[in-house]
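Thanks for making time this morning.

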Amino acid sequence: MQGAEEMARTVATLPEGSRITDYISLGVIAKTFPVSKIHEILAATGKTSVRERDLPAHVVVYYVIALALYMHSSYREVLRCLLEGVHWLLDPSETVKVAGKSGISQARTRLGWEAVRRLHDEVVKPIATRSTRGAWYRKYRLVSLDGSTLDVADEAENEKAFGRPGSSRGSSAYPKIRFVSLVENGTHVLFGSQMADYGTGEITLAKAVLPSLQRGMLCLADRQFFGFEFWNLARTTGADLLWRIKNKTRLAREEPLSDGSYLSHIYPSERDRRRKTNGVKVRVIDYRLDGIPDVEPIYRLVTTILDHNKAPAVELAALYHERWEVETALDELKTHLRGAKIVLRSRTPDLVRQEFYGLVMAHFAIRGLMHEAALKADDDPDQLSFIHAVRVVRRKLARFPAIPPSATSSISRHRARRTSAGSSPTSPSST
């Protein structure tokens, strides 16, 4: 027990002589989230500092984002190093005192999480241009929908607010939050993110994510999201859809098309299906993957793109496997950025929410840097190493408000490992 107590008291620090400037790029963060925008959000949410404090609200916003980029160090250590590089955010004549742990917590609590979420909602959006390779299918911007969970600090308040999953030996070691996001496939930008307690279902959260879909997007999603009501909600956004469904779903082959796909209808109930009332027309694509071990015998997709000339079945079948880009993006957030087996450390529910959106915004800033580098190199952003990009950003902090140094020559290029997405499907099945 004594050893455990001593370990609990150990404060994580950066290596001797290090600054946060050696590990993150405040220039990247400030370029992505300009101080003028932060002041605008703070004013709109009533969170502007009303009197002079050791930690003004806009500095706390940058701190929350920077905190996500160095999860292994203590609150105070990150702040001490951060403030060495943010004199330009304050009056240069001021002397900035490094607050203690209690002062940091109080400053974060004053800021709250609503302003941080609003900054996220207004800034974190798809960034691909027409020149971005891998971001488009014909005229469509490719996006994917998915969800995941994150462990949070094992505190009574967090457990009450978020809950924890059960296990065969009792309950999980940590409370968890659930979140759902859209990802821009070509850049891995996570946007429209919504979080809630662990007990909230993915479909419930996903309904709040749908407003981030827009006309001109093609949204990919796995079979757990498919349902008549949710499909129609997604359709009303103006985006087109390409979703996998369960193979056993009953879909009549009403109009076979020359590319092997066919038109059918989905219905809100079995009664409607029998009476052929209140149906919605869809296009169905059944296909196999040949030469890939341990795959299912048949995959079934439905899409809102009814004209097979605009999107042939064989192309959509291959395209659907780009949905795995969302798994990669979530892995970047949960493992490479946060750190494997690292929990969100905030001890109160509101600060957990704040920390979550700070984490997503940190990921967005890094992905923005990588997209800029990819455009300069005329390369596909998802062919750039995310892990190495995080390390580059952490090494390249600009001390002054200048455009961050170009990462074109710094980010190593390598071919990402592909799953079955890299394999070409056979022609759509006629069975």
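The buried residues of helix 10 are covered by a set of elements that includes strand 2, helix 9, strand 8, strand 10, strand 11 and strand 12. The residues in question, within the stretch 228-235 that forms helix 10, are Phe230, Trp231, Asn232 and Ala234, which are buried. Please keep in mind throughout that this is a predicted model.

How many of the six residues of strand 8 are buried? Six of the six, over residues 240-245, are buried, so strand 8 is largely enclosed by the rest of the structure. As a general point, the side chains of a regular strand alternate between the two faces of the sheet. Here both faces of strand 8 are covered, with Asp240, Leu242 and Arg244 buried on one side, and Leu241, Trp243 and Ile245 buried on the other. As for its pairing, strand 8 runs parallel to strand 7, residues 217-221, and the two are joined by four bridges. Within that pairing, Leu218 is the residue that stands opposite Asp240 of strand 8.

Let me turn now to the helix packing, where two packed helices are described by the angle between their axes and the distance between the axes. Helix 3, residues 35-44, and helix 4, residues 57-69, have axes that come within 10 Å and cross at roughly 115°. That makes helix 3 roughly perpendicular to helix 4, and the crossing of the two is right-handed. On the helix 3 side the contact is made by Val35, Ile38, His39 and Leu42, while helix 4 contributes Ala57, His58, Val61 and Tyr62. By residue class, this contact divides into six nonpolar and two polar residues, with no charged ones.

Helix 4 also packs against helix 14, residues 349-377, and here the axes come within 8 Å and cross at roughly 75°. Helix 4 is therefore roughly perpendicular to helix 14. The contact involves Val64, Ile65, Ala68 and Leu69 from helix 4, together with Gln354, Gly358, Leu359, Met361, Ala362 and Ile366 from helix 14. The residues of this contact divide into eight nonpolar, two polar and no charged.

Is Val152 buried or exposed? At 0% relative accessibility, Val152 counts as buried. Leaving aside residues up to four places away in sequence, Val152 touches Asn158, Phe162, Tyr174, Pro175, Lys176, Ile177, Val343, Leu344 and Val352. The C-alpha atoms of Val152 and Phe356 are separated by 9.8 Å, although these residues are 204 residues apart along the chain.

Arg138, in the loop between strand 1 and strand 2, has a phi near 55°, which is a positive value in a residue other than glycine. With a relative accessible area of 43%, Arg138 is partly exposed. Asn278, in the loop between helix 11 and strand 11, likewise has a positive phi, near 60°, and is a residue other than glycine. Asn278 is exposed, with a relative accessible area of 55%.

Notes
Residues numbered from 1 in each chain as written. Predicted model: local features only at pLDDT ≥ 70, side-chain atom pairs only at ≥ 80, totals over all residues. Heavy atoms only, no water. Axes fitted to C-alpha atoms, helices over the stretch in contact; angles between N-to-C directions. Parallel < 35°, antiparallel > 145°, perpendicular 65-115°, else oblique. Left-handed = near helix turned anticlockwise from the far one by under 90°. Contact = heavy atoms within 4.5 Å. Nonpolar A, V, L, I, M, F, W, Y, C, P; charged D, E, K, R; others polar. Buried < 20%, exposed > 50% of the residue type's maximum accessible area, 1.4 Å probe, protein only. Pairing = 2+ DSSP bridges.
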